[in-house]
Amino acid sequence: MARVAGDAALAEVAVESPAVRIRGVHVVPVRHHSPAIARATAAVIRAVRPRLVLIEGPDDANHLIDALTAPDAVAPFALLAYRPPEVKQATADAAPQVVFYPFCDYSPELVALRTARELGIEARFCDIPARASLEAREPDEQTPPDADDAPHDPTADAPEPSLYDIVAQRLGFQSHEEWWECLYESCLRDPARLLQLVQEWGELVVQAGGISDCDALRNAYMWRQVEESGVPPERIVLVVGAAHAAAFAQPDFRAEYDPKHPLLQARPAEFVITPYSFPRLSEQLGYGAGNRAPQFYQDAWELGGLENATLATLTRLVNAMKLQGDVASHADAIEAFRLAKQLAALRGKPEPGYDETIDAAIAAFGRGNAERVQTPLKRLLIGERVGSVLAHRHPAPHPSRVLPPHARTAHPRQGRPDRPAPEPRRAARRATVHLPASAAGRQDSVRRPDFGRGGDLSAAGAPAGEVAAAVDAADRCRAGGGDDLRQHAARGRHTPYRPAPAAARLAGASERGGAGGGAVRAARAVRRRAACAGRGVRARRRFRQPRPRRLPTRRAD
Amino acid sequence: MSAVDAVIRAPAEVRCKDELERLHAWDTFPKPTGWRLSPRAVEKFIMGDPDLNIRPKYIGDRDRIQVAIATLASDRALLLVGEPGTAKSWVSEHLSAAICGNSQLTVQGTAGTTEDQIKYSWNYALLMAEGPTDRSLVPSPVLTAMRTGTIARFEEITRCASEVQDALISILSEKAIAIPELERIEYARRGFSVIATANTRDRGVNEMSSALKRRFNFVELPVLSDLQQEMAVVRQRTQEMLADHAMQADLPDELIETLVTVFQELRQGQTLDGEQKVKSPSTVMSTAEAVSVLFGGCLLATHFGDGVVNGQHVMRLLVGAIAKEDKSDLEALTEYLETVAKKREGRVWRELQETQRWLKSL
């Protein structure tokens, strides 16, 4: 809802395409996983209404685009390309070569695919095939091939400061991530300026770092696809990393490459679409892009800005702190939000973001002690979301192939071989690990209409009345919640929007100390489900604290 | 400045008058109601700014100071917590000096603090003569701050009885004090806020009622663990103290480095490289203590030595600083000299070494 409204507003602003025009083509220079750029990408496609959308991504995975954009594919998920080791190297411990292309709801690439699908526009990947990327990497190297992309930190592991850090420090920011957030993510209302800034940044990166051989091949390969598409350039939208866009803009750039390049002769790769998780996404800082806090930026994407994400996170923190056994109230959330806004003003930022959220939470909730808020806050910022994809949507991998370990555990149908394949919608929900609303303070009920219905709460064993009440409350919240939030923000009032009453209810149940409270049951159910998805240990640890302590029973002897 | 000459320690707004004036002239940013400077200028005042020739008042984490300033611009009060000697009162004084030009509305929390000192009391002679009137009312610093829309400071709040602390609750949430004797409620003007300090050593903030805790944003001022940062603090503060006392002394880098190293290693219970365990004394080895040791050393050298402060001067003060509470703390120091200092090279380390015999005779 929020998303649609936000996009409509953007479309009105962007009467002309905000894209950067390079040789006639509408180029959208992106940083992966950026809500602001994702929004701008959608705005460009809506404004241009192109005939073809080309997206940086392995072009041997084009047959999977339908599956990636299917309505029941719930992000985050990843396109995973893999190859079993070559026969001559195949020893017992030889791992298959694997490369992930993760997507979340605010990945510009995925937004481009989805928007194109919605408008009935043809969309294709145009980067070198995944097999070439696999070939280009050392077998044991862990970074994805896009690690060569901009903007990210090319020397993440190197001790000397990178260009990214130097720029950030010189401008008075603590980290490159903070700088990015302040300068780019806050440009929500002016996509043309945003894309221009990103383009300039890409040019700086190319100037400073040059273009590697592999990148030169990729650039030429991508532009050749533009040229050979048979579509006039002004009818094409090209969504590529900022450094690639910068390379295209260089006056001496030519789309020339050797079609017999050894990388392009590599053995073919297999693909699978696999659920991905926010914790995994947050581990890939080097992969570059505003995903140090996937859930926080998910909120920014869904609620239309960093300020609303800050408000949502701080509001959820109330329940999270209570579950941890701390005293917290909405008064704390109100003060924390005010403080975050004050801090942003003091730091010369247009709106509060990740750093302000943390600082404000420490001062208002943590009594100055970072450790007290660390666990719940980290959970709220990084999030626990696991995507889901439907097994039957994409071709099953060949049984003779070695399945990479990730695919094996995370694949929804692989987890429960003994069960018959569930009917599709239910399966999607099963594979998605829902935290109980109380634990993660999930306000998903605000915008995810089917939370609480169907499988989740009833499966958790909550009494029917409680479920009905929770669902009812969620409905009420859905009707008013999102809009309230925006209105409050617009009016500058600091009333936090209501947290999902379902969440409050569950939390209340656990506080009342009923050993069979809804939260406990929900937690148990989630543990069960999490265990199925191979995340049992983590889930168990997570719920150790909130579990109410049983009173010692005195033995009458 | 005659005030500085006349008094031992002038308040921050007097000492830093020039800096505050420079900042005021520079400041074009919006100011919260009742503030003399914008939050950004206040930050510059605390953290220093070479361009405007503002000395840093606090050396350490800028983010925490920003949180403190932003808190004061909101409706919550600020509680600075931390170990003894981590510049809590110092920051509190300078914050109020910069924000409202007055750092003197201070309540010193002690076991003997009563509610009167937080709210108001009476001039009993006048009370007997006139009954309760405005003239006979003696406002507390907090009430004065409320009337003038300025900042009240509450030092060592956790030292008072928690019933007394709770007198602040209604002040902080309703921003008003009822004076039933005058049939009146005094409302705070905008700009009023409270900066309290509490140290985590003596009586923790856990003894505060949660109702009161909820009315504060907490900012913890950490013990400095960075050698260079702590050296900078020790040097700057000692120089300031020397200037206050119209004294001159050379403070060699080597001496400061050695002194701060000793403090950090004893505090952390291990050597800086993490190779060797060190016995930690029970005393708080605060930065403020290091400053006073060095300044004391300077005094010794000036009045009883040749004017050049050395390791032996410092050591004589160090003993007093460490062995405050427990004789066994002295053993920690002896052991440190025998095991760690012995291996170190340099003039000052050698001078520390040479005091061993004297130390044993204590």
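Biologist: Which residues are linked with Glu178(A) in a network of salt bridges?

Modeller: This is a predicted model, in which local features need pLDDT of at least 70, side-chain atom pairs count only at pLDDT 80 or more, and totals for chains, interfaces and linings use all residues. Residues are numbered from 1 along each chain as its sequence is written, chains are lettered from A and ligands numbered from 1 in the order written, and side-chain values use heavy atoms, without hydrogens and water. A salt bridge is a side-chain nitrogen of Lys or Arg within 4 Å of a carboxyl oxygen of Asp or Glu. By that rule, the network links Glu178(A) with Arg347(A), Lys349(A), Glu356(A), Asp359(A) and Asp63(B).

Biologist: How many salt bridges are there over all chains?

Modeller: Side chains of opposite charge can pair when their charged atoms come close. One such pair is Glu56(A) with Arg218(A), at 3.2 Å from N to O. Over all chains, the count of salt bridges is 44.

Biologist: Which residue in strand S6 of chain A is paired with Arg218(A)?

Modeller: Helices (H or I, at least four residues) and strands (E, at least two) are DSSP runs, numbered from the N terminus. Arg218(A) lies in helix H9 of chain A, and its partner in strand S6 (residues 122-127) is 91 residues apart from it. The closest N and O atoms of this salt bridge are 2.6 Å apart, and the partner is Asp127(A).

Biologist: Is Arg292(A) buried or exposed?

Modeller: Buried means under 20% relative accessible area, exposed over 50%, and partly exposed in between (1.4 Å probe, protein chains only). Arg292(A) sits in the loop between helix H11 (278-283) and helix H12 (294-303) of chain A, and its side chain meets that of Asp355(A) in a salt bridge of 3.4 Å, N to O. Because its relative accessible area is 10%, Arg292(A) is buried.

Biologist: With which side chain does the side chain of Gln298(A) make a polar contact?

Modeller: A polar contact is a pair of N or O atoms within 3.5 Å; within protein, one must be able to donate a hydrogen and the other to accept it, and residues adjacent in sequence count only if both atoms are side-chain atoms. Gln298(A) is found in helix H12 of chain A, and at 1% relative accessibility it counts as buried. Its contact, at 2.9 Å, is with the side chain of Asp105(A).

Biologist: What is the relative accessibility of Glu331(B)?

Modeller: Glu331(B) lies in helix H17 (residues 328-339) of chain B. This residue counts as partly exposed, because its relative accessibility is 47%.
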